[in-house]
Amino acid sequence: MRSMTGYGVGRIENENFDLKVEIRSVNSRFTDINIRLPKIIFNLEEVVRKSIKERISRGKLDVYINLDIYNSDNMKVKANLELARNYHSALSSLSREFDIQKPIGLSDLYLREGVLEVHQVENDSTFYKESILEATKMAIDTLIEMREEEGNNLKEILKKDKFIFHKMVRNVDERAPKVIEENLKKIEDKIKSIISEEKLDIQRLTTEAAIMADKLAIDEEIGRLFSHLSQFDSIIESNEPVGRKLDFLVQEINREINTIGSKSTNVEILGLVVDMKSQVEKLREQIQNIE
């Protein structure tokens, strides 16, 4: 089991460049990958995205790729002549205005901001592809390690919360027979209040009341809850991403609890229904963090 929150980093440094890949992930219903990388390797974005999707199935991931190039063969210096002319014209105007006889030198121009522009070679991304994939793999490895560590902590929390919920379901199961008795009694009382005793067919009344009371029984809902909890145990031990499965299962559990609450008027069971809904909400909140 993995959490969806974590951080991973991969770094490769040699005589040519220093490459760093960072990945931060948080909760999300889907897989959302945002990648920020230098212009020189912009066309490698989909390659990086694919390598991440192959190993991460869920979460919002922010990927930061920094590349510092040392090798001058990958750099190009260009003079902005138009800007230099503007600087020269401005400096000449100042010299005339203040009667400064010092000639304008080359350093007076090339030291001005923007006169010399340094560009990375645009068509050299393939040179970095292998290293970027390797650094991305390193970042994913450390990210998964952190997500699995947090996932193990979540698993233990889920086990404890599920154990508490299981006890609540057993308590409801022990009180379930009272639901049928109470519903049967209420049905009989209701019919007797409407129909006079002289016209009352006791045998038919008993049969109809038993059928109606059976429809209001909660045995099936309890049985499905126990079944869902058994599935819960199997799912959290799976080696596959389980967040979506658990989320769906909790929805089904909540549906059964609502049905039990709508069928029962027993004070004790209604109190347990409230407790169960609260406990399921705790489970749901933890599950939102699971990949």
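Trainee: At what angle do helix α7 and helix α8 pack?
Mentor: Keep in mind that this is a predicted model, in which local features need pLDDT of at least 70, side-chain atom pairs count only at pLDDT 80 or more, and totals for chains, interfaces and linings use all residues. Residues are numbered from 1 along each chain as its sequence is written, and side-chain values use heavy atoms, with hydrogens and water left out. Helices (H or I, at least four residues) and strands (E, at least two) are DSSP runs numbered from the N terminus, while axes are lines fitted to C-alpha atoms, for helices over the stretch in contact, with angles from 0 to 180 degrees between N-to-C directions. For α7 (residues 243-263) and α8 (residues 267-287), the axes are 10 Å apart and the angle is about 170 degrees.

Trainee: Are α7 and α8 roughly parallel or roughly antiparallel?
Mentor: Angles under 35 degrees count as roughly parallel, over 145 as roughly antiparallel, 65 to 115 as roughly perpendicular and the rest as oblique. The two helices pack at about 170 degrees. That makes α7, relative to α8, roughly antiparallel.

Trainee: Is the crossing of α7 and α8 left-handed or right-handed?
Mentor: A crossing is left-handed if the near helix is turned anticlockwise from the far one by less than a right angle, and right-handed if clockwise. By that rule, the crossing of α7 and α8 is left-handed.

Trainee: How many nonpolar residues does the contact of α7 with α8 have?
Mentor: Contact means heavy atoms within 4.5 Å, and the residues of α7 that make it include L246, V250, I253 and I257, with I269, V273, M276 and V280 among those of α8. Ala, Val, Leu, Ile, Met, Phe, Trp, Tyr, Cys and Pro count as nonpolar, Asp, Glu, Lys and Arg as charged, and the others, Gly among them, as polar. Beside 4 polar and 3 charged residues, the nonpolar count is 11.

Trainee: How are α6 and α7 oriented, roughly parallel or roughly antiparallel?
Mentor: Helix α6 (residues 219-236) packs with α7 at about 165 degrees, their axes 10 Å apart. The crossing of α6 and α7 is left-handed. At that angle the two are therefore roughly antiparallel.

Trainee: How many charged residues are in the contact of α6 with α7?
Mentor: On the α6 side, the residues include E221, R224, L225 and F232, and they meet a set in α7 that includes K245, E252, E256 and K263. By class there are 11 nonpolar and 3 polar residues, and the charged ones number 6.

Trainee: Let's look at E221 in α6. Is E221 buried or exposed?
Mentor: Buried means under 20% relative accessible area, exposed over 50%, and partly exposed in between (1.4 Å probe, protein chains only). Not counting residues up to four places away in sequence, E221 touches E256, T259, I260 and K263. With a relative accessible area of 4%, E221 is buried.

Trainee: How far apart are the C-alpha atoms of I12 and S131?
Mentor: I12 lies in strand β1 (residues 6-13) and is buried, with a relative accessible area of 14%. Among the residues I12 touches, not counting those up to four places away, are S131, E134, A135 and M138. I12 and S131 are 119 residues apart along the chain, and their C-alpha atoms are separated by 7.1 Å.

Trainee: What is the phi of D99?
Mentor: Most residues other than glycine have a negative phi. D99 is in the loop between α2 and α3 and counts as exposed at 56% relative accessibility. Its phi is positive, near 55 degrees.

Trainee: What share of the residues in the protein is buried?
Mentor: The protein has 8 helices and 6 strands. Of its 291 residues, the buried share is 36%.
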